[in-house]
2 protein chains.
Amino acid sequence: MPTNRQFLLAQIPTDKLAPEHFRLIDGPMPMAGEGEVLVRTRYISLDAANRAWMLGRTYRAALNAGEVMAGGALAEVVESRDPGFKPGDLVSGDTGWQDYAALPARHLTKLGQAEPISHLLGVYGIVGLTAYFGLLECGQPKAGDTVVVSAAAGGVGSIVGQIAKIKGCRTIGIAGGEAKCALLTTKLGFDAAVDHKAGNLVRALRAAAPDGIDVYFDNVGGQVLEACLFNMKDHGRIACCGAASQYDGPGAAYAPRGVPGLIVTKRLVLRGFVVMDFEAENERALTDLRSWVESRKLKVYEDIIDGFENLPRALIGLLAGENIGKRMVRVV
Amino acid sequence: MPTNRQFLLAQIPTDKLAPEHFRLIDGPMPMAGEGEVLVRTRYISLDAANRAWMLGRTYRAALNAGEVMAGGALAEVVESRDPGFKPGDLVSGDTGWQDYAALPARHLTKLGQAEPISHLLGVYGIVGLTAYFGLLECGQPKAGDTVVVSAAAGGVGSIVGQIAKIKGCRTIGIAGGEAKCALLTTKLGFDAAVDHKAGNLVRALRAAAPDGIDVYFDNVGGQVLEACLFNMKDHGRIACCGAASQYDGPGAAYAPRGVPGLIVTKRLVLRGFVVMDFEAENERALTDLRSWVESRKLKVYEDIIDGFENLPRALIGLLAGENIGKRMVRVV
């Protein structure tokens, strides 16, 4: 009989996330009820949003101590009590950090084929769709625009920058450290990279985008958003995807202070989005993403860590900016 | 020979604006050059934006010490060297704080008639148009929506709330003090008023708008914006008109900190605007505003102070929240 390893969120962090906030147990093997599907997790996705879920209600309920840690995964159907799924199907869903999960069929998305299958959790999954819709729908870039993306070497950011290039934009990536910045310009086709660890970010952005920023894809919030606000062109657009710089610390800081002054005087539009809002358009997006990947216009970086037991450190490291490309943990 | 009284901005304030930042002088009488128009100011508009212009470049150049204080006015043509204007015409323009100004004809807007003529600087001027376009274009309210406006007893706010009612919305005003709040609900038709000086604003807003806010018209930024962000419904819209709470003090605070978290999770749109962006639609807006005022659906409050010499204290008092309705100084 297989075991069902589970990572529980042992306690809600009040400061930085650390290994002791998780507890590994041998949990019960779940059973699929009527209309449910038993799946085995293959790849578990690590996302900054995982940490945000610990702060309170977001677009989903807050996580609670003692529960299996939540997380999206690429999984394989083991047993189905729903006519829409059969053993061997690849699906995505919020399985949580465990080997097996029994989920209502309606909470699972049946996936097509991809080689490697990890792409189904990355460029052909929430990551790719987030980059695609956030940039194109919220950012509304036109050819010739200057597009800036933060966390540019990360899963979403690395795709945002490349899509912006495909659309004829001048593309600037913000990332932490020289190695990531070098990757952006030498491998991913960014026109410029700005190291947010290297000093005066407002000035560095002005040097990289002397005419200002038309579209900023914001993954991080905080001081990087502030620096971009100062460099936005009038009538610029900011796609608000996340505020990763604000999640992993003592008490989220929410106060807007003077920001609206810049929003007004530059007539900016800041638009928050969650990828599920654009679900009806997924097919079109996936067709584009596949054609770009297959024609090598879009390079896919994945940062795959082997071993279920490494989930906590994979997430902690992601929050510290360790990864290049989409980070996931391969379970089997 | 008439004199030309002028208030100079004697120095840029580093903290709160005070009388000593201005200096009254008898300036030279300006002469209209070719293509210019000599006007006499009748009413000078006081706006929180006057103070923002002292902070740096906004949608106009920053003010400098030693210059005539800038400000919009309703003025009368004395002499014209442009075929489009003749003596006696009423115009609006940035005359600055002085009795007479010679301005290029293209910087003046010829005004129609109104009784009283002060309405041309208020409800039929930038104030009314700002309320109209900011609410209807940026806020996109639908009948039944809950609309919140801050500085609700002020010039723009008092019109925003009434237009929202005309459009069938539930309207909540935020104002400072019991007297203003009472005015909102008893005279201006607001459904509820919240006193931002009375304590926990997040909670008070939740009580006034238990299902959340669809549209927030933001005149003030800062903590009031923060409280509204927490109470926004998903997919709510925020019309960013100004950040008056941030202008009059030591050093503007621009950092956004965690705000994008709320923009993302609620999928909000924050849109900054300046009334000139909608100039092409002014005629339609003015037709609506006139019909609402004439049918008494829209009540106009003006706060008119007599005497040129009172300009500094009129602005200082406005920044302290003294006025109800549109504040202006009557010069002649």
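This is a predicted model: local features need pLDDT of at least 70, side-chain atom pairs count only at pLDDT 80 or more; totals for chains, interfaces and linings use all residues.
**Ground rules.** I number residues from 1 along each chain as its sequence is written, and chains are lettered from A, ligands numbered from 1, in the order in which they are written. Local features need pLDDT of at least 70 and side-chain atom pairs count only at pLDDT 80 or more, while totals for chains, interfaces and linings use all residues.

**Entry 1, domains of chain A.** I looked up the division of chain A and found domain 1 (4-122 + 301-330) and domain 2 (126-276); such bounds come from an automatic or database domain assignment. The centres of the two domains, taken over C-alpha atoms, are separated by 27 Å. Their contact takes 20 residues from domain 1 of chain A and 18 residues from domain 2 of chain A. On the side of domain 1 that touches domain 2, α1 (48-52) and β15 (326-330) of chain A each supply at least two residues. α1(A) gives the most to that side, with four residues. Helices (H or I, at least four residues) and strands (E, at least two) are DSSP runs, numbered from the N terminus.

In α5(A), residues 201-208, I list A:Leu201, A:Ala204, A:Leu205 and A:Ala208 as buried. They cover an arc of only 100 degrees around the axis, which puts them on the same side of α5(A); the arc is that of the directions from the helix axis to the C-beta atoms. Buried stands for 20 or more other C-beta atoms within 10 Å of the residue's own, exposed for 12 or fewer, and partly exposed for in between, with C-beta atoms placed from the backbone. The buried residues of α5(A) pack against β9 (170-175), β10 (192-195) and α6 (222-231) of chain A.

In α9(B), residues 311-319, the buried residues are B:Leu311, B:Pro312, B:Leu315, B:Leu318 and B:Leu319. Seen down the axis, they fall within an arc of 135 degrees, so they line one face of the helix. I find them packed against β1 (4-9), β2, β3, α1 (48-52) and β15 (326-330) of chain B. Just after α9(B), B:Gly321 takes a positive phi of about 85 degrees.

Strands β11 (residues 213-218) and β12 (residues 232-240) of chain B run parallel, joined by five bridges; strands pair if DSSP finds at least two bridges between them. The chain crosses from β11(B) through helix α6 (residues 222-231) to β12(B) in a right-handed β-α-β crossover. Right-handed is the term if, with the strands pointing away from the viewer, the path from the first strand over the helix to the second runs clockwise. Four bridges join β12(B) to β13 (residues 269-272) of chain B, also in parallel. B:Cys240 stands opposite B:Gly272 in β13(B).

Most residues other than glycine have a negative phi, and most peptide bonds are trans. I noted B:His235, with a positive phi near 65 degrees, in strand β12 of chain B; B:His235 is exposed, with 12 other C-beta atoms within 10 Å. A:Ala151 has a positive phi near 50 degrees and is buried, with 28 C-beta neighbours inside 10 Å. A cis peptide bond joins A:Glu115 and A:Pro116, with omega about 0 degrees.

Definitions and conventions
Two residues are in contact if their C-beta atoms, placed from the backbone, lie within 7 Å.
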